[in-house]
Amino acid sequence: MNIISRLTFRRIWNILIINLSYYITRISKRTIHWGNPYSISIEPTTSCNLRCPECPSGLRQFSRNTGMLTLELYKKIVDQLKDRLIYMILYFQGEPFLNPQFFDFVRYARQNRIYSATSTNGHFLNDENARKTIESGLDRLIISLDGIGQQEYSTYRVGGRYQKVTDGIKNMVRWKKELKSHTPHIIVQFIVFRSNEHQLKEIKQLCDEWGVDELQFKTAQIYDYKNGNTLIPTIDKYSRYRKLEDGTYEFKNNLPDKCYRMWSSCVITWDGITVPCCFDKDADYKMGDLKEKPFREVWRSKMYYDFRTRVFTNRKQTDICQNCTEGM
C-alpha cells in the first residue's frame with residue numbers, strides 16, 4: 001500500500017508502456033523499448049567496513065574506483081527521473097550508512113514521493129542513526145544477519161560483530177514504536193550458507209521476539225562454485241547450485257533469453273555510471289556517464305539497445321548473466 005500511494009497518472013502510464021513494449025519484444029523477437037525506468041538503484045558508496053569473501057567490495061577487488069556519491073550528483077539524477085520513478089534502492093555495493101549524506105538522499109526521495117529502500121550490514125544502526133533513519137522517511141530497510149552467534153555470523157561477515165548488529169535491529173524496532181511510525185518496513189535478511197543452515201528455525205524465533213516486520217531467507221551467490229565451495233548449503237531449496245554425478249556443481253537457472261529488468265530498471269554507480277543491472281558489480285558494461293550526458297540519452301542509446309538485444313538473443317553468452325537469479 002505504501003508503494004501504491006506513490007502512483008500518479010504519469011507513473012502508471014510509464015509502467016503500462018514499459019510492459020507493453022517488453023511483451024511486444026518477446027512476441028515479435030524484435031527489440032522495442034518505451035518508457036523510463038520505474039525502479040533504479042543508486043550506489044551511495046563502494047566503501048565497506050567488512051571483508052565478506054564473496055563480495056568484491058569486501059575483498060577490495062574492484063577495478064573501478066572507490067568513492068562517495070555526492071548530494072549534487074544524486075539530485076541531478078533524481079530530477080531527471082522523478083516524474084516516472086516509483087522505487088529507489090539506495091544500495092549497490094558497499095555499506096550505504098558510511099556515506100555522511102545518506103539521510104539527505106532518503107529525504108530528497110521522500111520529498112519527491114519516491115519509495116526508498118536500502119540494505120545494510122547493520123553496524124551503524126546506533127541509537128542516533130536508528131532515530132534518524134525513521135525520521136528521514138526511509139520506506140524499507142534490509143538488515144543482513146547471516147548467522148546466530150559470533151562464530152556462525154563471522155564465518156561469512158568477516159570483521160563483523162554479531163552483538164552490534166542485533167543491537168541495531170532492536171534500536172530500529174524501538175524507535176519505530178516510540179515515534180509511532182509505519183516506516184521503514186524492517187526486514188532481517190538471512191543468507192543461507194552451509195555454516196548457518198541449521199539455524200533457520202532459531203532465526204525465525206528471534207525475529208518474532210525482536211518484532212521485525214519480515215524475515216527473508218536468501219540464496220548465496222558463489223563465484224567459484226563449479227568444483228564445490230564450503231559456503232554452498234546442503235539444503236537444496238536454499239542453494240542456487242545443484243551437485244552433478246561427477247561431483248561438480250552447476251547453476252540451476254537455465255537462463256532463458258529474456259530479462260524484464262532491462263526494460264524497467266538500471267543501476268547507477270556512486271560516480272554516475274549507468275550499468276544494466278546489479279550483477280555488473282565492477283561496472284564492466286558502462287552504458288553512459290550521467291556527469292556528462294542526460295539520462296534519457298544514455299537510456300535510449302544504441303549501446304543500451306544493443307545490450308538489450310544481446311540479452312534477448314543470447315543471454316548465456318553474457319558473463320554477468322551467468323550467475324543471475326533476477327529478471328525472469
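Val173 sits in helix α7, which runs over residues 162-178. The model is a predicted one, and in it Val173 comes out at 6% relative accessibility, so this residue counts as buried, the cut-off being under 20%. What does Val173 touch, once residues up to four places away in sequence are set aside? The list is Ile186, Trp210, Gly211 and Val212. With one of these, Gly211, the separation along the chain is 38 residues, yet the two C-alpha atoms lie 6.7 Å apart in space.

Is Pro37 buried or exposed? Its relative accessibility is 0%, so Pro37 counts as buried. Leu85 is 48 residues away from Pro37 in sequence, but C-alpha to C-alpha the pair is 6.6 Å apart.

Next comes helix α11. Which residues of α11 are buried? They are Tyr304, Phe307, Arg308, Val311 and Phe312. Around the helix axis these residues cover an arc of only 130 degrees, which means that they share the same side of α11. Lys302 and Thr313, by contrast, are exposed on the other side of the helix. As for what lies over the buried residues of α11, the cover includes the helices α1 (9-28), α9 (261-264) and α10 (295-299), along with the strands β9 (265-268) and β10 (273-275).

Met1 belongs to the segment before α1, and with a relative accessibility of 78% it counts as exposed, because the cut-off for that is over 50%. Met1 is also one of the members of a nonpolar surface patch, together with Ile4, Leu7, Phe9, Ile12, Trp13 and Leu16. Taken together, the residues of this patch have about 820 Å² of accessible area.

How values were computed
Residues numbered from 1 in each chain as written. Predicted model: local features only at pLDDT ≥ 70, side-chain atom pairs only at ≥ 80, totals over all residues. Heavy atoms only, no water. Buried < 20%, exposed > 50% of the residue type's maximum accessible area, 1.4 Å probe, protein only. Helix = DSSP H or I, 4+ residues; strand = E, 2+ residues; numbered from the N terminus. Arc of directions from axis to C-beta. Contact = heavy atoms within 4.5 Å. Patch = residues over 30% accessible without salt bridge, like charges linked within 9 Å, V, L, I, M, F, W, Y side chains within 5 Å. Areas by Shrake-Rupley, 256 points an atom, 1.4 Å probe, with all protein chains shown as cover. Salt bridge = Lys/Arg side-chain N within 4 Å of Asp/Glu carboxyl O.
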